[in-house]
Amino acid sequence: MQDKRRVGILISGRGSNMAALVEASRSDDCPYEVALVASDRPQAAGLTWAADAGIATFAQSPKGMAKAEYEAKIDAALRDAGVEVIALAGYMRLLSDDFVARWRGRIINIHPSLLPKYKGLDTHQRALAAGDAVAGCSVHIVTEELDGGDVLGQAKVAILPDDTAESLAGRVLIEEHRLYPKILAEFVKR
């Protein structure tokens, strides 16, 4: 079996993309293993799922802490776990420029739009309001610019005439679960 790259996953909630990454990592030919799942929300459902799956977890609420102090704790946990690459999977906090600089070129994120369209939040509603025929998701390198790093891969989803933001989000999420493990595997092989 090949040496696998150690990945840390940051989540804020239930972590369905995290679960897709973990499940993919269990294949013998997958080039990465999940070394740590960390969250800014100690009660995040994804932490329970990860622990039940035998993955090490770390939680630190940022409440009452300076951002630098909070990020230093997350950084230390990632480094202590031997993490080489970070995958953001529904992590809803903006990372500081200093944190991104420390991990430059080693953080990727999944975003629910076809970047560069619709950076930030409410992507599905924005695509519907614009009358777009297609939506989708993108995996990109994290930089100091919000959702602005190089796009590594995308998956498109047709927008149906009766779509709501919720129905579109559900179909895009299915594509996220397919796309993210594939792109992370390609990324860690670089």
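**Figure 1. Lys67 and the surrounding patch of positive charge on the surface.** Lys67 is partly exposed, with a relative accessible area of 38%; buried denotes under 20% relative accessible area, exposed over 50%, and partly exposed in between (1.4 Å probe, protein chains only). The residue belongs to helix H3, which covers residues 67–80. Helices (H or I, at least four residues) and strands (E, at least two) are DSSP runs, numbered from the N terminus. Together with Arg41, Lys63 and Arg93, Lys67 forms a patch of positive charge on the surface. Patches are made of residues with over 30% relative accessible area and no salt bridge, like charges being joined within 9 Å and nonpolar side chains (Val, Leu, Ile, Met, Phe, Trp, Tyr) within 5 Å. Lys and Arg count as positive and Asp and Glu as negative, while His and the chain ends are not counted. The place of a charge is taken as NZ of Lys, CZ of Arg, CG of Asp or CD of Glu. Accessible areas come from the Shrake-Rupley method with a 1.4 Å probe, and for residues only the protein chains shown count as cover. The structure is a predicted model, in which local features need pLDDT of at least 70 and side-chain atom pairs count only at pLDDT 80 or more, whereas totals for chains, interfaces and linings use all residues. Residues are numbered from 1 along each chain as its sequence is written, and side-chain values use heavy atoms, with hydrogens and water left out.

**Figure 2. The protein chain as a whole, with 6 helices and 7 strands.** Along the sequence, these elements follow the pattern β-α-β-α-β-α-β-α-β-α-β-β-α. The radius of gyration of the protein chain is 16 Å, close to the 16 Å that the globule rule gives for 190 residues, so the chain is as compact as a globular protein of that length. This radius is taken over C-alpha atoms, and the globule rule is 2.2 Å times the number of residues to the power 0.38. Along the principal axes, the C-alpha atoms fill a box of roughly 50 × 45 × 30 Å. Of the 190 residues, 49% count as buried.

**Figure 3. The salt bridge between Arg6 and Glu33.** Side chains of opposite charge can pair when their charged atoms come close. A salt bridge is defined here as a side-chain nitrogen of Lys or Arg within 4 Å of a carboxyl oxygen of Asp or Glu, and the count by this rule comes to 11. In the pair shown, the N to O distance is 3.3 Å. Arg6 lies in strand S1 (residues 5–11) and Glu33 in strand S2 (residues 32–39), so the contact ties together parts that are 27 residues apart in sequence. Arg6 is partly exposed at 29% relative accessibility, and Glu33 is partly exposed at 31%.

**Figure 4. A network of salt bridges linking Asp75, Arg79 and Arg102.** Between Arg102 and Asp75, the closest N and O atoms are 3.9 Å apart. Arg102 lies in helix H4 (residues 97–102) and Asp75 in helix H3, so this pair ties together parts that are 27 residues apart in sequence. Arg102 is partly exposed, with a relative accessible area of 36%, whereas Asp75 is buried at 10%.

**Figure 5. The salt bridge between Arg104 and Glu144.** The closest N and O atoms of the two side chains are 2.5 Å apart. Arg104 lies in the loop between H4 and strand S5 (107–111), and Glu144 in the loop between strand S6 (134–141) and strand S7 (151–158), so the pair ties together parts that are 40 residues apart in sequence. Arg104 is partly exposed at 46% relative accessibility, as is Glu144 at 36%.

**Figure 6. Backbone geometry at Pro116, Asp122 and Asp147.** Most residues other than glycine have a negative phi, and most peptide bonds are trans. The peptide bond from Leu115 to Pro116 is cis, with omega near 15°. Pro116 is placed in the loop between S5 and helix H5 (123–129). Asp122 is also placed in the loop between S5 and H5, and its phi is positive, near 55°. Asp147, in the loop between S6 and S7, has a positive phi of about 50°. Asp122 is exposed, with a relative accessible area of 59%, whereas Asp147 is buried at 9% relative accessibility.
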